[in-house]
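Morning, everyone. I will go through the aromatic rings in this one. Please have a look at the structure first.

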Amino acid sequence: MNRSRSSQPPVTRMTRSAGSRHIEPSEKLDCGPGPYGKQRRKQTDSALAQDLSQMRVSGQGGLNTSPSASAVKSSSRGGLASVARLVKLGRCKNVVVVAGAGISTASGIPDFRTPGTGLYANLERYNIPYPEAIFNIDYFSNDPQPFFSLAKALYPGSHRPNYIHYFIRMLHRNGLLLRVYTQNIDGLEKLCGIPDDKLVEAHGSFATAACHLCYTAYPAEEAKQAIMNDKVPLCTFCAATVKPDVVFFGEDLPQKYFLNTQDFPKADLLIIMGTSLQIEPFASLVNTVRSTVPRLLLNRHAVGPFQKVPLRRADHMELGDLEETVRRFAEMLGWNDDIEELMRSQETLILPTLMSSPLSVSDQTSCQSRGSPDGTETSRAVGQRAAGSGSEETDSETDSKSSASSSQST
Ligand code: CNA
């Protein structure tokens with residue numbers, strides 16, 4: 001998917017801090033015992049130290065612990081209510097959503113950077129020397145097992161979409177969604193029924209697979225079966241390892257990503273949700289809307305341009321637990337009942353997919369909490385009960401339904 005030719009130059013995934021550093025084949029890292037990781041350790045120490053120091057820089061940005069962060073927090077201007085008023089006045093008809101791993105934590109999938117529960121804090125189970133190795137293409141080439149362990153847990157079918165995903169779908173249902181750009185690879189946007197033409201999975205997905213060396217396509221379902229059974233899928237052409245078309249650091253983003261050049265100038269509201277804005281080029285997208293366009297950040301911490309004081313005039317942010325914030329936003333818009341109904345009907349549709357689910361990330365990650373930080377019930381639990389209620393399907397979005405059911409086979 002990221003190899004197709006077009007007039008657009010390729011754009012490569014990288015972290016803000018570590019992206020410019022390439023790991024040479026001679027630097028590949030020893031990951032301990034196992035068929036791939038025997039030879040190399042000595043030469044990696046300085047590279048590892050460099051990566052770890054870079055990761056600390058990333059972490060500080062993402063966690064936002066600096067004094068200026070609290071200043072920014074206090075400069076938030078009742079963002080939700082202002083933006084809800086604009087939406088109700090009909091001023092926002094081309095809404096672009098930019099999303100990250102934080103929209104899926106309520107579904108039980110850890111993000112990268114949240115202390116304690118994030119994948120970066122729970123690396124021992126993946127046996128990798130530094131966090132980003134799990135999505136490093138050179139590391140994968142040498143040892144695919146860490147990524148395959150994570151992939152087993154992330155393959156669509158393990159987790160349910162939560163209230164936040166359905167809020168985005170409700171934007172579409174109400175004719176307001178221009179596009180959602182997600183960094184997530186969990187497929188939950190599709191599973192909740194957001195149609196393909198409204199969705200850009202900027203970091204790829206598990207829906208297709210190919211050889212990581214010669215890019216020969218490989219049946220996605222066969223790749224999944226091999227990975228689920230702890231086997232390595234091999235290219236029928238060159239015998240190198242096959243990988244799902246998730247975009248690794250150093251790989252090109254999918255062509256669909258270039259829709260951003262049309263969408264962002266056209267946007268009349270940008271909603272940024274659950275991302276630390278640490279991965280480029282995705283992070284810089286938020287700076288490409290017109291300066292008068294309202295940007296609403298919904299996250300636990302101020303990130304990216306929202307860390308600067310004072311905020312841009314049209315910028316708003318609401319900091320705290322995302323699911324709780326989105327519920328309040330939906331209440332203000334008068335959408336809550338419709339979203340609850342949508343969740344119930346879609347859960348009935350996707351239940352067969354979920355029942356055949358393999359091990360989830362939260363099962364794998366012992367530190368992952370299943371409820372919200374304040375101990376209240378998450379939409380995951382609500383969704384589980386709703387799925388059992390067997391309510392009638394009432395949604396009229398037939399395109400969304402076919403999108404959701406097609407994703408069940410992936
Ligand atoms: P990240 O760097 O881990 O940042 C997540 C952000 O969301 C942080 O700022 C958190 O504070 C915030 N957050 C997490 N949970 C909540 C919550 N409940 N309420 C409010 N805020 C919350 O992840 P990004 O998405 O920014 O990084 C991009 C990477 C992560 C992408 O390339 C993904 O492929 C990768 N990733 C994806 C998944 C997934 O598909 N679900 C999971 C883990 C990592």
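A word on terms: rings of Phe, Tyr and Trp (its six-membered ring) count as a pair if their centres lie within 6.5 Å; planes under 30 degrees apart are stacked, over 60 edge-to-face, and the rest tilted. This is a predicted model, where local features need pLDDT of at least 70, side-chain atom pairs count only at pLDDT 80 or more, and totals for chains, interfaces and linings use all residues. Residues are numbered from 1 along each chain as its sequence is written, and side-chain values use heavy atoms, with hydrogens and water left out.

How many aromatic pairs does a search of the whole structure find? The search gives 15. Take F140 and F248: the ring centres are 5.5 Å apart and the planes are at 85°, so this pair is edge-to-face. F140 sits in helix α4 (residues 137-142) and F248 in the loop between β7 (242-246) and α9 (260-266), 108 residues apart. Helices here are DSSP runs (H or I, at least four residues), as are strands (E, at least two), numbered from the N terminus.

F140 is buried at 1%, and F248 is buried at 0%.

F140 and F248 also belong to one aromatic cluster, whose members include F112, Y120 and F206.

The next pair is F167 with W335, which is tilted, at 5.5 Å centre to centre and 35° between the planes. Both residues are buried.

Terms used:
Buried < 20%, exposed > 50% of the residue type's maximum accessible area, 1.4 Å probe, protein only.
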